[in-house]
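Hello,

Here is the structure for you to look over. My notes follow below it.

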Amino acid sequence: MERISMREAISRALWEEMERDSDVFIMGEEVGLWGGTYAVTKGFYDHFGEERVRDTPIAESVIVGAAIGAALTGLRPIAEIMTINFAFSAMDHIVNEAAKLHYMFNGQFVLPLVIRTVSGGGRQLGATHSQTPDAIFAHFPGLKVVAPGSPEDAKGLLKSAIRSNDPIMFIEHATMYQVRGEVPDGDYTTPIGVSKICREGKDLTIISYSKGLELSLNAADELIKDGIDAEIVDLRTLRPLDMGPVIESFKKTNRAVIVEEGWKSFGVGAEISSRIYEEAFDYVDAPIIRVAQKEVPLPYNRNLEQAALPQIKDIIIAAKEVLNG
Amino acid sequence: MADIITMPKLGFDMAEGTLVRWVKREGDIIEKGDVIAEIETDKATVEVESNYSGVLRQILVEQGSILPVNQPMAIIGTEDEDISSISLIKDELKVPKTKRNQEGKEKTKKVEDHASGQVMDTSKSRFLISPLARKLAKEYGIPLENLKGSGPSGRIVKNDIDLFIKDQGISSVQNDKDQIVPLKKLRMIIGKRMTSSKKSIPHFYITRNFGVDKLFDLRTQFNDAMDGKAKISVNDLVVKATAVALRRFKNLNASINDNDQVIQHGSINIGIAVSVEEGLMTVVCKDTDTKSLIQISRETKEMAERARAGKVKPSDIEGSTFSISNLGMYDVDEFIAIINPPEAAILALGTAKEVPVIENGSIQIGMVMKATISVDHRISDGAEAARFMQHLGEILQSPIALFVDI
Amino acid sequence: MVNEINYLDMYYQMVQIRRMEEKAAELYQQGKIGGFLHLYIGQEAVSTGLISARLPQDRVITAYRDHGVALNCGLAMKEILAELLGKATGVSGGRGGSMHMADPSKNFWGGHAIVGSHLPIAAGLALGDLYKKKDSVTICMFGEGATNIGYFHEALNLSKVWNLQVLWVCENNKYGMGTQVNKASAVTEIRQKAEGYGIPNERVDGMDIMAVRKSSIEALMQVRSGKGPYLLEIMTYRFRGHSMGDPERYRTNDEIKKWEEDDPIGNFRKYLMREKISTEKQLLEIENKAEDDVAESVRFAENSPEPKIEELFKNTYFTD
């Protein structure tokens, strides 16, 4: 085991897979010479060369579109969309092409494609550079959406994604790259489409992923001081969604809080709470509470921005509220 | 001129009743005395007879409605008379409360089965309760009205169920071998009444041995004389004896009201406990002290039959002023009964047994029955109750007192 | 190296396409084909001439007017018709319909419905071949309407920047749906747009199959030589509306008639006769055979089973 950062974990996954399989290559803006705007591919260009670490023009549609074409020829491209905010410029290729080609052509087209991108706000980058629209991409059948919450999962899940023959959107978080965690040595993969109870407890269930998970773990450490023992489920994959551990936990605690950085309306929490009500209605002892971003484009001003983003204290308040509800 | 059928007052303390089902439909021809509906009071379900003849022109309330006494329920008139002015009453009626019903599904099913064309969802609850708590309450057969909700707006949550269970001592550790039996309606009613009785009435008890040799002799004589045409039991004799004895103890044939007044009842109506499938019912023999033994015997038998068949009439079960409970057929030495409010007392009879008795200094075999009277200490006291028991004993020893005033 | 071809075979393919499309129109009007149906009638020379020039390793990708292209790439007519009828025996198992025919084994990569979206994919196909150092050329066909959308520009740009082996083929049939070229595009000579990207280009008469073929052969050679992408603007005309149900208020009957006199099949027929490459009899035989093919294909398609409802979710993901 080694304690490394999220950035390091992702970087190692990419490196190891590129070493392992020569069909794997990276393309995107500033991935090569710059080393990636989050420094994830630092050193890759020098080691793997420009054929395998391809700097593209600023043209998201063709980044994803060409990655799709390359995948169709049998390669395993990893297209990087610098931030998920720019993914909208490639929306057609992500949800109309990548998600659907395999189905529309009756399985004749195989797309072993990974789209790596970054969600999240909190660095005063302004509304159009700070979104967490993960739920939107999870809406489309045919596209898998993965969003790790720990370095261990990030490495394992990215490897799985690269080795998978499905088109997968791999969402990293802008303010989690320096989060550290224990990562096993050697080669390992983490299954896609499997949630995990990452903190056992008994008083309530907190369901989250990515940044929300980091906040929830911190909140749980605070809550225990008040005698509240929270169980936390890390979704890890948004589509396909694994409700198993969620329901299992909910049946035990009967009260849930769902935490996400995206907006509440039509978000991840909306889906999860619906499913809990559908699958565990008789176990509901209080209405499910969703902690999410306030319904506003994220402002530049630091205080305003933080006021809009979900915080640890919001989770604590929600936990106490759900226990009283 | 059309007549209005209203929710009848079926007992002096009845404030409201539930219209369980309409037996007749709009348009049916009604003869005076026809059963037109079934009503549930807090004592039992009873059939309501129409006091008028005519056509049932309009039904004003739906099955399942809880109505205060005297609330109009239906209109009976001739086939074609104009009842528009009267039927306006329907709009003026307050929306009747729907029955709080834990066995909602069963109730609804029952209503549907009778196929009067009106199906009412009586399972709507007035309770705020979480899905989990509702499920648990159903599983444990806990009536929702027994629960106090600690959640927002008084919502009942799991914790409330847990506390209730702990309180009641119900094992919350459910075993595969445990069987959950939901409480039947009657049991719940009995439970409520007895709980209330024990909580609010200061009971005291007096036990006495009664020599009943002469009583048994009288019974034998009587039945022989009737030669099968009629038959009386020892219980019938005890019932009459008690009624006669009460003539001199008006305080034990009484009730206390909210104004701290004791109402000494003008009639002596003995309530006799009858065992029915779902529990216990008390059928009432009116003016017992004036009735003949044959009358008492026959009435008691008929009422008991009706009770067991679930066809009890309101008059069968209302108006008792003193109750008797007899467990003599079960080889019981003695027992203590709980007073049926608003009565002042209840007499519990044990089995009549052959036991050694001392008579004139020597041991004889005698037939002795132990009886215990439970009395409301707000109305009477030990001395009076003891004197009553003494007087009753005298009557039982000399049964001629049943026929003449000694 | 030039792909030798039997001219009669080219004629046969053109007639097959014509008759197949006419039959498709009929079936559509009978309610047996649902959704959109974009007919290739009038444009047969373009795909037939173009694809006749390709080598087996060359990839073909096109937009939604793809039935003819599919046939030229070697897909069976009966499977094309079965797909139009939504049958399980269709090219895409009934899942794709008219706009989504494809067969990787024949190097035909679809069949795409979103205007211009397949151009970046074409660049990707070429990227894959570049990565593996293959000499395949990706032949990407699209209409002139698609040259106004962002995808066109991103794809052409990248193909030039990365030196991808793509032959960009613009079928200019003068109307993007109902809008004339001069109303939609800043330049009416589409090939000029390639100039902006430094991509060599030329204009070709699409009603003359021999001209199409000649230009295609030369263009492919150029691209394959490592000189980067090339753009062919092929002038053509569709005799029918944009798709079935097009009221065609944007052009006159006279105009259509005029073009029909320049029917590519008629032109080629005359050519074959004139050059004594074939006899009237042979041509008639071919025409009859094509009609038989259509009849047989319709029978096959109509008798084919529907896809199973239980298999609704099949192929949503590769891993299921």
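A:Gln124 sits in the loop between strand E5 (114-119) and helix H6 (134-137) of chain A. (Helices are DSSP runs of H or I with at least four residues, strands are E runs of at least two, and both are numbered from the N terminus.) Phi of A:Gln124 is near 55°, a positive value in a residue other than glycine. A:Gln124 has 15 other C-beta atoms within 10 Å, so it is partly exposed. (Buried means 20 or more other C-beta atoms within 10 Å of the residue's own, exposed means 12 or fewer, and partly exposed is in between; C-beta atoms are placed from the backbone.)

The model is predicted: local features need pLDDT of at least 70, side-chain atom pairs count only at pLDDT 80 or more, and totals for chains, interfaces and linings use all residues. Residues are numbered from 1 along each chain as its sequence is written, while chains are lettered from A and ligands numbered from 1 in the order in which they are written.

More on the backbone. A:Glu30 is not a glycine, yet has a positive phi of about 60°. The loop between strand E2 (24-28) and helix H2 (44-48) of chain A holds A:Glu30. A:Glu30 counts as partly exposed because it has 16 C-beta neighbours inside 10 Å. Two cis peptide bonds are worth a look. One joins B:Pro341 and B:Pro342, with omega about 10°. The other joins C:Gly110 and C:Gly111, with omega about 25°. Most peptide bonds are trans, and most residues other than glycine have a negative phi.

Next, helix packing. Helices H3 (residues 60-72) and H4 (residues 91-98) of chain A pack at about 30°, with axes 7 Å apart. (Axes are lines fitted to C-alpha atoms, for helices over the stretch in contact; angles run from 0 to 180 degrees between N-to-C directions.) H3(A) and H4(A) are therefore roughly parallel, the term for angles under 35 degrees. H3(A) makes this contact through A:Ser61, A:Val64, A:Gly65 and A:Ile68.

Now the chain contacts. Chain A and chain C each put 34 residues into their contact. (Two residues are in contact if their C-beta atoms, placed from the backbone, lie within 7 Å.) On the chain A side, H3(A) gives the most, with 9 residues. Chain B brings 9 residues into contact with 8 residues of chain A. Helix H3 (residues 131-140) of chain B gives the most to the chain B side, with 4 residues.

Best wishes

How values were computed: Angles under 35 degrees count as roughly parallel, over 145 as roughly antiparallel, 65 to 115 as roughly perpendicular and the rest as oblique.
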